[in-house]
Amino acid sequence: MSKPSIPKGTRDFTPAVMARRQWIFSTLRAAFESRGFQPIETPAMEALATLTGKYGEEGDQLIFKILNNGDFLSKAQEETLASRDSKALSFQVSKKALRYDLTVPFARFVTMHRNEIPMPFKRYQMQTVWRGDRPGKGRYQEFVQCDADIIGSTGVLCELELISLFDEALRSLQVPNHRILVNDRRILAGIAAQLGVGDRLTDWTVAVDKHDKVGIEGVCKELDQRGFGASVQEGTAKLFGPRPGGLEGMKALAEEFNHALVLEGTEALMSLWSLAASQGIGEPELVFAPGLARGLNYYTGAIFEVQVVDSPVGSICGGGRYDDLTGIFGMPGVSGVGISFGADRIYDVLEHFEAFPSDLATDLDVLVLHMGEETLEGTLKAARLCRESGLRTELYPDAAKLKKQFKYADDRGVPHVIIIGSDEAAQGVATLRNMKNGDQVTDTVDALVAQLRG
């Protein structure tokens with residue numbers, strides 16, 4: 001018999017871990033709904049054609065494709081099989097794929113439901129996505145994204161809303177030393193044009209986006225491997241050169257790379273910076289990062305990424321402005337901006353810094369012990385009264401020894417147990433035991449429930 005296992009990049013979650021995860025999700029949900037974002041869900045599977053071509057060359061390679069039902073090779077062309085062209089073959093044997101993110105499915109959703117939703121439309125979505133990444137610390141093949149998007153508006157207040165949402169939600173989650181990095185794809189497009197990148201902007205931004213992992217030398221090496229010459233490499237290195245932060249840094253960059261798109265992008269960010277400052281959001285939390293690229297094809301304006309100082313993982317959130325994502329589905333000219341919270345990476349950060357609230361492991365308020373058939377009627381009534389009063393209550397299922405039931409209560413982290421033995425039943429009372437200090441009090445069940453509620 002083979003040893004049980006799960007695929008690399010996936011995980012099981014114990015009840016203790018789920019308590020923490022549920023707290024993250026409920027905190028984010030509260031932040032989304034406090035700002036008027038509405039929930040939606042989309043299928044785990046999308047048409048393969050819906051997903052491909054939206055995430056860049058490397059992203060497309062990470063999409064999990066689903067083989068067609070039945071004889072999936074029946075539609076494969078002989079010449080494709082003979083050529084061993086796996087990319088071409090994948091489209092002949094797969095028509096569906098697991099979603100890579102929530103943004104492209106959202107664009108498809110908006111296009112299909114355009115007559116049912118108000119514009120601008122503010123949505124949030126918390127669902128699982130799948131990517132064929134190499135598993136590692138903070139990098140999984142199955143994970144949950146928590147997205148918030150505003151579509152149908154080009155106003156800078158949308159970007160401000162999302163920056164404020166980042167700040168509010170991360171503070172509520174007690175994420176320490178977080179930094180909201182901001183750039184604009186127009187700045188990168190202008191710099192690339194000035195450097196003579198030509199129609200290879202995507203290739204260039206993919207290399208630039210690796211800076212935080214490989215440094216300037218690694219970026220230049222990547223550019224060289226992609227066929228960019230020395231002048232492009234030298235100009236790209238200047239992008240990461242020292243300059244002031246914030247507004248001064250934007251002005252310096254615009255002077256250094258004098259291009260219309262760079263000026264357009266920096267002016268947009270300056271306006272956003274001033275608005276954010278009016279809401280109490282500024283340095284060091286808000287950081288101008290001219291080298292931030294977010295290597296996804298659909299971003300066209302402001303782009304965001306959240307990092308945590310001294311964190312064991314990379315970015316924990318990201319997002320940006322996309323001007324025509326719905327155009328590929330037949331609904332052109334609709335601009336949107338969205339962000340995504342990486343719940344799994346947020347979990348890793350909070351665990352690393354031991355920043356989770358201490359009371360999350362307790363999922364029960366009281367355990368009612370089972371002392372035997374002769375007291376079962378009173379025991380069931382006590383459990384029912386506890387639940388009716390809003391207490392999270394469990395009834396131990398077997399008439400076991402007290403020591404065994406106490407151990408179960410300790411294992412579950414239950415703060416109180418209610419005991420109704422034969423003596424208590426005869427007197428119409430129950431005993432409430434504090435499992436932390438061993439204190440006990442005997443009274444009517446109604447009185448004990450009121451005490452627990454208080």
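Helices (H or I, at least four residues) and strands (E, at least two) are DSSP runs, numbered from the N terminus, and contact means heavy atoms within 4.5 Å. Axes are lines fitted to C-alpha atoms, for helices over the stretch in contact, and angles run from 0 to 180 degrees between N-to-C directions.

This is a predicted model, in which local features need pLDDT of at least 70 and side-chain atom pairs count only at pLDDT 80 or more, while totals for chains, interfaces and linings use all residues. Residues are numbered from 1 along each chain as its sequence is written, and side-chain values use heavy atoms, with hydrogens and water left out.

**The whole chain**

Of its 454 residues, 49% count as buried, where buried means under 20% relative accessible area, exposed over 50%, and partly exposed in between, with a 1.4 Å probe and protein chains only.

**The sheet of eight strands**

Next, colour the strands of the open sheet of eight, which follow the order E1-E5-E6-E11-E10-E9-E7-E8 with mixed pairing. Strand E1 (38-39) and strand E8 (286-288) stand at the edges with a single partner strand each, so one side of each is left without a neighbour in the sheet. Two strands count as paired if DSSP finds at least two bridges between them.

Now select residues 121-130 and 142-151, which are strands E5 and E6, paired in the antiparallel sense over ten bridges. Across this pairing, arginine 123 has aspartate 149 in E6 as its bridge partner, and tyrosine 124 has alanine 148 in E6. E6 also runs antiparallel to E11, to which seven bridges join it, and here glutamine 145 has glycine 342 in E11 as its bridge partner. Is E6 mostly covered or mostly open? Nine of its ten residues are buried, which leaves E6 mostly covered.

**Cysteines**

Select cysteine 317, which counts as buried at 3% relative accessibility. The structure holds zero disulfides, a disulfide being a pair of cysteine sulfur atoms within 2.5 Å.

Move on to the open sheet of three strands, in the order E2-E4-E3, where the pairing is antiparallel. Its edge strands are strand E2 (45-47) and E3, each of which pairs on one side only, and the twist averages 45 degrees from one strand to the next. Three bridges join E2 to strand E4 (residues 94-98), and methionine 45 stands opposite leucine 98 in E4.
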